[in-house]
Amino acid sequence: ERFTDEKFDQLMTAWLDERAQGPEASPVLDAALARTSRTRPIPGWLLPERWIPMQLTARLQPVPRLAPILLLIALLLALAVTIFVVGSQRHLPPPFGLAAPGSLAFVADGHIWMANPDGSGRVQLTSAQRLDAFPVFSRDGTKIAFKRLPEPNSIPNWQEWGDVVVADVDGRNPIVLDPMVHSPSPMSWSGDGRFIVYARTLGTVDQVFIAATDGSSTRPVTSGAESNWGPTLSPDGRTIAYVKDYSGYSVIFVIQVDGTGERQITKVRIDAFDMAEWSPDATTLLFGAGKAEEGREDLFTVRLDGKPEQRIIGNPGNDSGPTWSPDGRRIAYLNTLVGGKTRVIVALPDGSGPHPISDPGNWSYPFWSPDARHVLAVDGRLDGGQPIVAILDSLGQSPASSFALPGAPGDGPEPMAWQRRAAP
């Protein structure tokens, strides 16, 4: 009869019970204990599991090797460290497109201040004896560039001179990129924050310069007998657009950041020019321009494909100061009415669908909030001698919030800046 595991267990149990109850039980137990106390453990290779057929034994579990375990532990530790480091770093917004609104930067009493968009939480960033102007945030909101003037009356026409400076967003660690230069323009940041471009007088004409924001290098990009001014760096960081002045008229040129590939992109000779601004996708330039015989300024767009510029808005009054929304879906600009009052207008990029978002006043310097929900503009109507900053709803559906700029009464408004932050 073939024994199964169950039958074998039953026979062994019965035999052991019988032996345990007989007169031989005690001598057998004593002998077994005495023998086992003197016997070495059986080697592992003689264990029954090594030679009994596998179907009669429990399935052996493979013993994992040590190296793969250690590798897995190392990978998990590396992942944990990466998550900790990334999580502990400040999350930054993308260089272009929509972002969360941060602080406002403005000039008061000759120094740069920051405040919340409602005017609260004012903090003075710069406090040097010299005066500061033209604050511009880097695209990630961590740095700020500005112009620092020399000591008052230290040189003739001292307001036209100044240092090009970059500092941390709290005003600390300032780096002078270009000291004591004539007529430095507002700065345009590269998307990665490594460079700024600006114009300054070199000899008798303005030229475009590019500077590394760590202070390691500063060099001219343009040259020649004509003035080149109003530079703005494309979102992809490759191309600079600027205005070139000839005798009696101006046109827009573009050039690569290394100084190559200079070419004219506007066709019409223009007498008056607003500084151009790139669309967020780096395909189109938006600008205001006018001809003396027409007696007004209109809005234009031009692409880099060689086609002529397109007039998108032309009214009897002036239309000026155009600026793209961060998502590129709308533009904002100033419209001058008969009598000289201005209002802030929002329209589609082709100029269609214009609608005012402010009452007529003395508006200037419109620009978009980083989330494209509002347009900030400065109203020259004074409140106790101070310019009024208004945050206008871009759809014109809610009242504007506003606050008075601090500073000495009678100070004229200067361009402001709105910091971009990462969405929470």
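**Questions on strands and a pocket**

User: What makes the link between the side chains of Thr239 and Gln256 a polar contact?

Analyst: The side chains of Thr239 and Gln256 are joined at 3.5 Å. A polar contact needs a pair of N or O atoms within 3.5 Å, one able to donate a hydrogen and the other to accept it, with residues adjacent in sequence counting only through side-chain atoms on both sides, so this pair qualifies. The model is predicted: local features need pLDDT of at least 70 and side-chain atom pairs pLDDT 80 or more, while totals for chains, interfaces and linings use all residues. Numbering runs from 1 along each chain as its sequence is written, and side-chain values use heavy atoms, without hydrogens and water.

User: Why does Thr239 count as buried?

Analyst: Its relative accessibility is 10%. Buried means under 20% relative accessible area (over 50% is exposed, in between partly exposed; 1.4 Å probe, protein chains only), so Thr239 is buried.

User: Which residues is Thr239 in contact with, leaving aside its neighbours within four places in sequence?

Analyst: Thr232, Leu233, Ser234, Val254, Ile255, Gln256, Val257 and Trp278. Contact here means heavy atoms within 4.5 Å. Thr239 itself lies in strand S13, where 6 of the 8 residues are buried.

User: How do you know that S13 and S14 pair?

Analyst: Strand S13 (residues 239-246) and strand S14 (residues 249-256) share 8 bridges in the antiparallel sense. Two strands pair if DSSP finds at least two bridges between them, so these two do. Strands are DSSP runs (E, at least two residues), numbered from the N terminus. The partner of Val243 is Ile252 in S14, and Tyr242 stands opposite Phe253. The two strands form a hairpin with 2 residues between them, and Gly248 in the turn has a positive phi of about 95 degrees.

User: What joins S12 to S13?

Analyst: There are 5 bridges, and the strands run antiparallel. Ser227 has Asp245 of S13 as its bridge partner. This hairpin has 5 residues between its strands, with Gly237 in the turn at a positive phi of about 75 degrees.

User: Why do S12 and S15 stand at the edges?

Analyst: The open sheet has 4 strands in the order S12-S13-S14-S15, with antiparallel pairing. S12 and strand S15 (263-264) each have a single partner strand, so one side of each is left without a neighbour in the sheet.

User: What makes S21 mostly covered?

Analyst: Of its 6 residues, 5 are buried. S21 also pairs with strand S22 (residues 331-336) in the antiparallel sense over 4 bridges, with Ser320 opposite Leu334. The hairpin they form has 6 residues between the strands, and Gly328 in the turn has a positive phi of about 75 degrees.

User: How much space lies in the largest pocket, and which residues are closest to its centre?

Analyst: The largest pocket holds about 1,500 Å³. Among its 47 lining residues, Val136, Met275, Glu277, Thr323 and Phe367 are the closest to the centre. A pocket is an open set of points on a 1 Å grid where a 1.4 Å probe fits, with protein on both sides within 12 Å along at least five of seven lines; lining residues have an atom within 4 Å of a point. S12 and S21 are among the elements giving two or more residues to this lining, and S25 gives the most, with 5 residues.

Note on methods. Grid points are joined across faces, edges and corners, and a volume is the space filled by probe spheres set on the points.
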